Amino acid sequence: MHFPTLQQRRWFYPFLFLGTATVGCGTKTTPDAGTGPVGPASALATFELEPGFKIELVAAEPLVADPVDMEIDEYGRLYVVEMPGYPLDKSGSGKIKLLADTNGDGQMDQSTVFAEGLVLPNGIMRWKKGVLVTDAPNVLYLEDTDADGRADIKDTVLTGFSLSNPHINVNNPVYGLDNWIYLAHRGAITTRNYQQEFGDEGTEVYFPGQPGQPRLPKNAGDHCVRFRPDQRALEMTSGKAQFGQTFDTWGHHLLADNQNHAFQPVIAAAYLARNPELLIGDAQQSLSDHGNVSEVFQITKNPERQLFSGAGVMTSASGVTAYGGGAFPPPFDQQVTFVCESVSNLVHADRLQDAGATFVSSRVGRPRKEFLASTDAWFRPVNTYVGPDGALYVVDYYRQIIEHPEWMSEEAIQAGGLYNGKDQGRIYRISATDAKPADWTNGLRLGEATPGQLVEKLASPNSWWRTHAQRLLVDRADPAVVPALVRMARHPTSPVGRLHALWTLEGLGELQPALIRQALGDSTAGIRENALRLAELHLPASPELVNALLPLEKDADAKVRFQLLCTLGSVRSPAAALVRNQLLFADINDKWVQVAALSAASSQTAALLTEVLNHFRPEVPAYASLVERLTAMVGASGERADILKLIQRATTRGPGRPPAWQAPVLAGLAQGMQTRPSPASVVEKPARLVATCFDHPSGEVRQASLQLLKVIGLPDEFPAKTGIARAVSVADNRRLSDDRRAEAVHFLALGDPAPYASLLKKLIIPQEHPSIQLAALKTLSLVPDQTVTEYVLQAWLALTPGIRDAALNTFMANPERKKALLDAIESGKIPSASLGWSRSAQLMGESDDKLRNRARALLNKNDDEKINQAYQQALTLQGDGRRGKVVFQQNCAVCHQVRGTAGTAFGPDLGTVQNWLAKDIMANVLAPNLSVAVGFDLWSVELKNGEALQGIIASETSAAITLRIGPGAEKVLNRQDVQSLKVLNASAMPVLTSQINQQQMADLLAFLRQTN
């Protein structure tokens, strides 16, 4: 059987998206979720939960509807943010509800509207005597002053954020360990269909009514924001988050985006601002070791699929929370993050492990299972929250459709249902199986605690108590509490108590240098790391602290050393510079250490570059990347004489082997000079670079010279023309090496490649090395007319898989070529399955209405009619996965495996189809040519000796093609022996209609769709 392989689908997705009955210990669903909503009484039975945990319903409709965030305050009051307006309603339907448990059974049974008339509210945080609420373009402060349960104060604290598509507006305020309030934010996105509703791009972000206070650039530069309302402090951070954010125990900021469920802003914006010449495009590090678009294991029955819905991969990650509740069993008790995936109806869990300056996040729990998943397609988890009981609370938006109509087909929009479930919503409590019932619902007294009692709570194993106690202490600003805080900062057995005491003292303005020095020698690495951050704040007033910082150069913890490097970047002294260099070379393999070192003042660049070149170690790749970063800074803003001197050094050919640093010097200069207004004026006569492209013995140097020439450009003079003529000669000379010829083809792109179109076409044949074919295809694509399009369509059947992908990219250059591509798909010349998801999504999201609508019609066809009608009954029969495995072994295992086992790896591995709809799997079983997986086409090969072969191209090298002619049988073909190569646009799989009956089909479908 041949199925299309699972494509990693990248697109914007919205984050959107009672009894004491519990489900626990891996309990599986019993009712059929069907296609309609499941009532609260039956919802628990749709869940499959990690063993060792139980799930309870805390609140549901009609008490709450459309919840997106929650907060439990120091009195045990539950605030819930409701956003019924998603996706299009801006009429002011948003609310904040106060939920209460009046009989003490752990379930909410009373609801009060705390605030209403909000537009699209999406986040809440306790602050002072009220709450901060994000409701773009504003951050609001709401307070109830007369204890009637309704807010009578409504102030705008911040404003200026874009009111864009609801899933991307400013959201989720969080109180940080450093006493700043953090706002998740990633900026406005372009809207095509809803410009009037969501076309706002924001203004400067500022404190309204406060002239002379700081203002951030338009829409905060599309970055997350942090602020301190009392001090009128306002800053952009270096991160961008879509919906949700969290901090681990030691203050590391963790974020999520639609597809990327785990990333971290590693280096702070303030450090990057020290050296504007440092070219860093992204200060964030993806953490997942299982993909930036991670596979997920959905169990949903009848999942809701829209135009851009991904299947089996993370597409709507939101509401990330680092668990710090102190009440979960191992391995979920430390450094574990939870993130919601609303499209796939599940909650995913990862465990963080230290990896130098940052982390790696790995799956935790059962293999090929999620922490929490539901069979109910309406279950839409969008946020998580750690409560005072150490439980994890899951906020369920509960809607039929979670995608925004911006990315839905017109047919789906017209069918209605955008607001189905608008009057529903749930909140669940997940706790250890043996956990006691929640008692916070009976009320809490933290708000009435004495200063001493609050200080004690700083040592709580639960982050909820620590954070609220710190916030209350800073808010009260009672100087009498300082001695107790100092004692807690020296607590012998509680590292978290010491940590929060230090930051609370800092928040009160009472932290003394002596205590910082003591913390720098703490036995816990996380405290030493935070002590460095605190020391940095005190260096202007207490410069003597520098002497206490320097010994940490030898610290055993990589994150401590990284923070020391960041902190010392603002210290200008020979001793600090020496330690910075030693830290850099000790951890040079960590790219963030390089960035931290280079974030120091740019005046140190030249000296550092000299040091690196003098100690360059070619066997350590990190030296090359460091040289490239340094010379990029020189290329961006260095003096012309310095740049020319570096070019001369990097292109000089000596008697021996050329220095390994020459190529990264040129590559870095090319990167940096791209940012100059007139790079050609720096190198007016590039003859030396032209000669290097052809004559230097190092391929890396030749390629880097070409890279720099692309930035500078070729002047219309004799050496340049000579270079083009030489490139033509080299490209056409098959006696030369493939590398040299490919480089020559790329050189042609420096001029007008149109006169050499015939040569370029001649090089795009299977007999040529793939690198030459790809270079010729890329260069031919630069001819602005339809030359490359016409050639690709003419030669399509002869293009090998690796070349086809690049050939498809040539169509994406302009509307005329895209139209030709759609013509070819409509005529059947190019199979739509060849596009892959990214190109399909680009075509279906085209700005040109005619192209977009045509692409959606062609690429979103319903294949129901192609399923053999005689097998329709199989979709209604109850399948048995165990019997289905037998059917697979008898009919499919000869060519296929499932997750690397139980068969032969001839066709695609079928472990990726578990999230497909049953009808789609059956369509491919019954009509194997319906959608041939990319890379599994059947090819016809004619050799020069007359032999004819058919098979799947397994791999290609410069000299040979490996043809897989059957299960377990391969033949290696010399490229020079190939007369012709042609794809048959067919599958090698036989039709199975004569071999399996309807019940066997149902069993096979059950086997292929099971998750373990």
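Glu204 is partly exposed in this predicted model, with a relative accessible area of 38%, and Arg215 likewise counts as partly exposed, at 47% relative accessibility. These residues form a salt bridge in which the closest N and O atoms are 2.8 Å apart. Because Glu204 belongs to strand S14 (residues 204–206) and Arg215 to strand S15 (residues 215–218), the pair ties together parts of the chain that are 11 residues apart in sequence.

**Salt bridges**

A search of the whole structure finds 42 salt bridges. Side chains of opposite charge can pair when their charged atoms come close.

| Asp257 | Arg186 | 2.5 Å |

Arg186, at 21% relative accessibility, counts as partly exposed.

Glu826 is exposed, with a relative accessible area of 54%, whereas Arg854 is partly exposed, with a relative accessible area of 23%.

Besides these pairs, there is a network of salt bridges that links Asp73, Glu74, Arg77, Arg126 and Arg471.

**The sheet of S4 to S7**

Four strands form an open sheet in the order S4-S5-S6-S7, and their pairing is antiparallel. S4 and strand S7 (110–118) stand at the edges, each with a single partner strand, so one side of each is left without a neighbour in the sheet. From one strand to the next, the twist averages 20°. Strands of a sheet pair through backbone hydrogen bonds, either parallel or antiparallel.

Strand S4 (residues 67–72) is mostly covered, as six of its six residues are buried. Five bridges join S4 to strand S5 (residues 78–82), and these strands run antiparallel. Within this pairing, Ile72 has Leu78 of S5 as its bridge partner. The hairpin of S4 and S5 has five residues between the strands, and in this hairpin Gly76 takes a positive phi near 80°. On to the next strand of the sheet, S5 is joined by five bridges to strand S6 (residues 94–100), again with the strands running antiparallel, and here Tyr79 stands opposite Leu98 in S6.

**Helix H14**

Helix H14 (residues 591–598) is mostly covered, with seven of its eight residues buried. The buried residues of H14 are Trp592, Val593, Gln594, Val595, Ala596, Ala597 and Leu598. At the start of this helix, a side-chain oxygen of Asp590 reaches to within 2.9 Å of the backbone nitrogen of Trp592.

**Cysteines**

How many disulfides does the count give? The count comes to zero disulfides, where the rule asks for a pair of cysteine sulfur atoms within 2.5 Å. Cys340 is buried, with a relative accessible area of 0%, and Cys566 also counts as buried, at 1% relative accessibility.

**The protein as a whole**

The protein has 32 helices and 34 strands. Of its 1012 residues, 58% count as buried. Its accessible surface comes to about 38,800 Å², of which 50% belongs to carbon and sulfur atoms.

Definitions and conventions
Residues numbered from 1 in each chain as written. Predicted model: local features only at pLDDT ≥ 70, side-chain atom pairs only at ≥ 80, totals over all residues. Heavy atoms only, no water. Helix = DSSP H or I, 4+ residues; strand = E, 2+ residues; numbered from the N terminus. Buried < 20%, exposed > 50% of the residue type's maximum accessible area, 1.4 Å probe, protein only. Areas by Shrake-Rupley, 256 points an atom, 1.4 Å probe, with all protein chains shown as cover. Polar contact = N/O pair within 3.5 Å; in protein donor to acceptor, adjacent residues only side chain to side chain. Pairing = 2+ DSSP bridges. Axes fitted to C-alpha atoms, helices over the stretch in contact; angles between N-to-C directions. Salt bridge = Lys/Arg side-chain N within 4 Å of Asp/Glu carboxyl O.
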